[in-house]
Amino acid sequence: MDMYCIMNDIREPDADTALLHVYGDLNDFLPADRRETWFMRACKGHETIKNVVEACGVPHPEIAELRVNGQPVGFDYLVRPGDRIEVLPAPLVATATLALRPPLAERRFVLDTHLGRLAAYLRMLGYDSLYRNDAEDAALARLAGDEQRILLTRDMGLLKRSAVIYGSFVREVIPSHQIVEVARRYNLSPAPTAFQRCMRCNGLTAPVDKAAIEHLLEPKTRLYFDSFRRCTTCGKIYWQGSHYARMLALLARVIQHIQGATI
Ligand SMILES: [Zn+2]
């Protein structure tokens with residue numbers, strides 16, 4: 001931890017500037033010449049640290065701790081000329097000395113319109129994950145805030161909306177890599193409801209007698225399978241066919257990657 005607090009490369013701020021240093025993967029949001037170094041930003045006064053840091057590119061939900069001149073501060077701290085601001089992500093903060101947001105009671109998600117496949121994978125793991133391919137940004141942000149859900153997005157503007165409390169920018173592009181990234185970030189392992197949540201609508205599934213749904217099945221499914229579950233919300237029927245085997249293989253890869261291998 002201490003290695004991230006060394007200030008030997010620090011410059012003296014001018015009278016009307018503040019100095020910033022961004023750590024860890026929050027550097028993903030900065031231009032190359034501002035990464036892993038101190039940089040100056042004009043300080044007009046009466047501007048919250050949340051605004052100052054977001055104006056530099058870092059969305060507030062990604063930040064785990066803010067320090068000014070070595071002391072932890074909240075999002076509403078008003079930046080003063082000469083301040084030295086440090087911006088830290090969760091992996092570098094074992095226990096934040098000043099919490100920027102209340103602890104999450106439950107890991108539930110809401111995903112933007114780019115992340116449909118990731119939503120399906122999270123549901124497969126058993127996590128309550130809302131997704132609609134026609135959702136509006138304002139509605140997603142409001143939902144994330146109102147229901148205390150973690151917003152997963154590829155849209156920086158959406159992540160910076162003030163209604164959002166918990167969330168992160170999904171760095172990976174390929175869905176099977178995205179699920180590993182998110183599982184690592186939020187310490188996810190298969191929930192008790194793994195394979196019991198509808199991948200299409202997020203509803204919970206329940207066992208159903210074959211006799212009750214036989215008329216809805218394709219002939220080969222009716223012939224080869226006897227155990228079925230049905231979504232209690234949308235009615236979609238699940239059985240342990242080839243799709244299930246592919247999902248099991250994906251799940252095994254996710255668990256393997258969470259345990260330390262690279263993507
Ligand atoms: Zn469903």
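How many helices and strands make up the secondary structure of the protein chain? The chain has eight helices and twelve strands, where helices (H or I, at least four residues) and strands (E, at least two) are DSSP runs numbered from the N terminus. The model is predicted; local features need pLDDT of at least 70, side-chain atom pairs count only at pLDDT 80 or more, and totals for chains, interfaces and linings use all residues. Residues are numbered from 1 along each chain as its sequence is written.

The C-alpha atoms of the protein chain fill a box of roughly 80 × 35 × 30 Å along the principal axes. Of its 263 residues, 29% count as buried. A residue is buried if 20 or more other C-beta atoms lie within 10 Å of its own, exposed if 12 or fewer, and partly exposed in between, with C-beta atoms placed from the backbone.

The largest nonpolar core holds 33 residues, of which L111, L118, L151 and L152 touch the most other members. Such a core is a set of buried Ala, Val, Leu, Ile, Met, Phe, Trp, Tyr and Cys residues joined through C-beta atoms within 7 Å. Elements that each supply at least two residues of this core include strand 6 (109–111), helix 2 (116–124), strand 8 (150–153) and helix 5 (175–185). Helix 2 gives the largest share, six residues. A second, separate core of 18 residues includes A18, L20, V79 and I85.

Seven of the nine residues of helix 2 are buried, so this helix is largely enclosed by the rest of the structure. The buried residues are L118, A119, A120, Y121, L122, R123 and M124. They pack against strand 6, strand 7 (129–130), strand 8, helix 5 and helix 8 (242–258). Two residues are in contact if their C-beta atoms, placed from the backbone, lie within 7 Å. Leaving aside neighbours within four places in sequence, L118 is in contact with L111, L152, V170, P175, Q178, I179 and V182. Just after helix 2, G126 takes a positive phi of about 105°.

Helix 2 packs on helix 5 at an angle of about 55°, with the axes 9 Å apart. Axes are lines fitted to C-alpha atoms, for helices over the stretch in contact, and angles run from 0 to 180 degrees between N-to-C directions. The two helices are therefore oblique to each other; angles under 35 degrees count as roughly parallel, over 145 as roughly antiparallel, 65 to 115 as roughly perpendicular and the rest as oblique. In this contact, R117, L118 and Y121 of helix 2 meet P175, Q178, I179 and V182 of helix 5.
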